[in-house]
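This report describes helix packing, salt bridges and selected residues in one structure. The sequence and the model are shown first.

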Amino acid sequence: LVPIYALGKIIVKRKELGKLENREEIGYLYNGYSNTAFFWEPVIIFRKMIMVAISSLLSSVGRKMQAMLVLLFLVFVLIFHNFMNPFMSKSLNRLETYSIIALIVSIYAGVFFVSDYSN
């Protein structure tokens, strides 16, 4: 609900995001992002919620399946991030790309450790 509320608040005020009262109220949700990606902070919150949901709600499907779902989701996140380039700074976009790649490599490496065990 939090990312949906935040996204709704940003979308309603999207034409007036430069006003002082909006910057004071919800500026922390869109400062630092490009004008085409003003909605990116709720996307990040939603991304984290999906990761938690996969790890907790899908525990019955087994660790390997969870890891594969997380990998699939992270590849989608990486592609979407590189398509949008949400940050104003190129270095921040690169840093976020590298951190998503590090997550993918970590999960992929973890699959080999889990594969020795049942489930």
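In this predicted model, helix 3 and helix 4 pack with their axes 10 Å apart and at an angle of about 170°. Angles over 145 degrees count as roughly antiparallel, and the two helices are therefore roughly antiparallel to each other. On the side of helix 3 the contact is made by Trp40, Val43, Arg47, Ile50, Met51, Ile54, Ser55 and Ser56. Helix 4 contributes Gln66, Leu69, Val70, Phe73, Leu74, Val77, Phe80, His81 and Met84. Sorted by class, this contact has 12 nonpolar, 4 polar and 1 charged residues.

Helix 3 covers residues 40-57 and helix 4 covers residues 63-84. The span of each, from first to last C-alpha, is close to the value expected at 1.5 Å a residue, as the table shows.

| Helix | Residues in helix | Span, first to last C-alpha | Expected span |
|---|---|---|---|
| Helix 3 | 18 residues | 25 Å | 26 Å |
| Helix 4 | 22 residues | 31 Å | 32 Å |

The buried residues of helix 3 are Trp40, Pro42, Ile44, Arg47 and Ile54. In helix 4, the buried residues are Gln66, Ala67, Val70, Leu71, Phe73, Leu74, Val77, Leu78, His81 and Met84. Trp40, Arg47 and Ile54 are buried in helix 3 and also take part in the contact with helix 4. On helix 4, Gln66, Val70, Phe73, Leu74, Val77, His81 and Met84 are buried and belong to that contact.

**Salt bridges**

How many salt bridges does the structure hold? There are 2 salt bridges. In one of them, the side chains of Arg47 and Glu96 meet at 2.9 Å, N to O. This pair links distant parts of the chain, with Arg47 in helix 3 and Glu96 in helix 5 (residues 90-114), 49 residues apart. Arg47 has a relative accessible area of 16%, so Arg47 is buried. Glu96, at 14%, is buried as well.

The other salt bridge joins Glu16 and Lys19, whose closest N and O atoms are 3.6 Å apart. Glu16 counts as partly exposed because its relative accessibility is 38%. Lys19 has a relative accessible area of 39% and is likewise partly exposed. Side chains of opposite charge can pair when their charged atoms come close.

**His81 and Met84**

His81 lies in helix 4. Is His81 buried or exposed? Its relative accessible area is 0%, so His81 is buried. Leaving out residues up to four places away in sequence, His81 touches Trp40, Pro86, Phe87, Asn93, Glu96, Thr97 and Ile100. Among these contacts, Glu96 is the salt-bridge partner of Arg47, and Trp40 is a buried residue of helix 3.

Met84, also a residue of helix 4, counts as buried because its relative accessibility is 18%. With residues up to four places away in sequence not counted, Met84 touches Thr36, Ala37, Phe39 and Trp40. Met84 and Val43 are 41 residues apart along the chain, and their C-alpha atoms are separated by 12 Å.

**Asn85 after helix 4**

Helix 4 is followed by Asn85, which is placed in the loop between helix 4 and helix 5. The phi of Asn85 is near 45°, a positive value in a residue other than glycine. Most residues other than glycine have a negative phi. With a relative accessible area of 36%, Asn85 is partly exposed.

**Ile104 in helix 5**

Ile104 is found in helix 5. Its relative accessibility is 17%, so Ile104 counts as buried. Apart from neighbours within four places in sequence, Ile104 is in contact with Leu71, Leu74, Val75 and Leu78.

**Lys15**

Lys15 lies in the loop between helix 1 (2-12) and helix 2 (20-26). At 74% relative accessibility, Lys15 counts as exposed. From Lys15 to Gly27 the C-alpha distance is 13 Å, and the two residues are 12 residues apart in sequence.

Terms used: Residues are numbered from 1 along each chain as its sequence is written. This is a predicted model: local features need pLDDT of at least 70, side-chain atom pairs count only at pLDDT 80 or more; totals for chains, interfaces and linings use all residues. Side-chain values use heavy atoms; hydrogens and water are left out. A salt bridge is a side-chain nitrogen of Lys or Arg within 4 Å of a carboxyl oxygen of Asp or Glu. Buried means under 20% relative accessible area, exposed over 50%, partly exposed in between (1.4 Å probe, protein chains only). Helices (H or I, at least four residues) and strands (E, at least two) are DSSP runs, numbered from the N terminus. The expected span of a helix is 1.5 Å times one less than its number of residues. Contact means heavy atoms within 4.5 Å. Axes are lines fitted to C-alpha atoms, for helices over the stretch in contact, and angles run from 0 to 180 degrees between N-to-C directions. Angles under 35 degrees count as roughly parallel, over 145 as roughly antiparallel, 65 to 115 as roughly perpendicular and the rest as oblique. Ala, Val, Leu, Ile, Met, Phe, Trp, Tyr, Cys and Pro count as nonpolar, Asp, Glu, Lys and Arg as charged, and the others, Gly among them, as polar.
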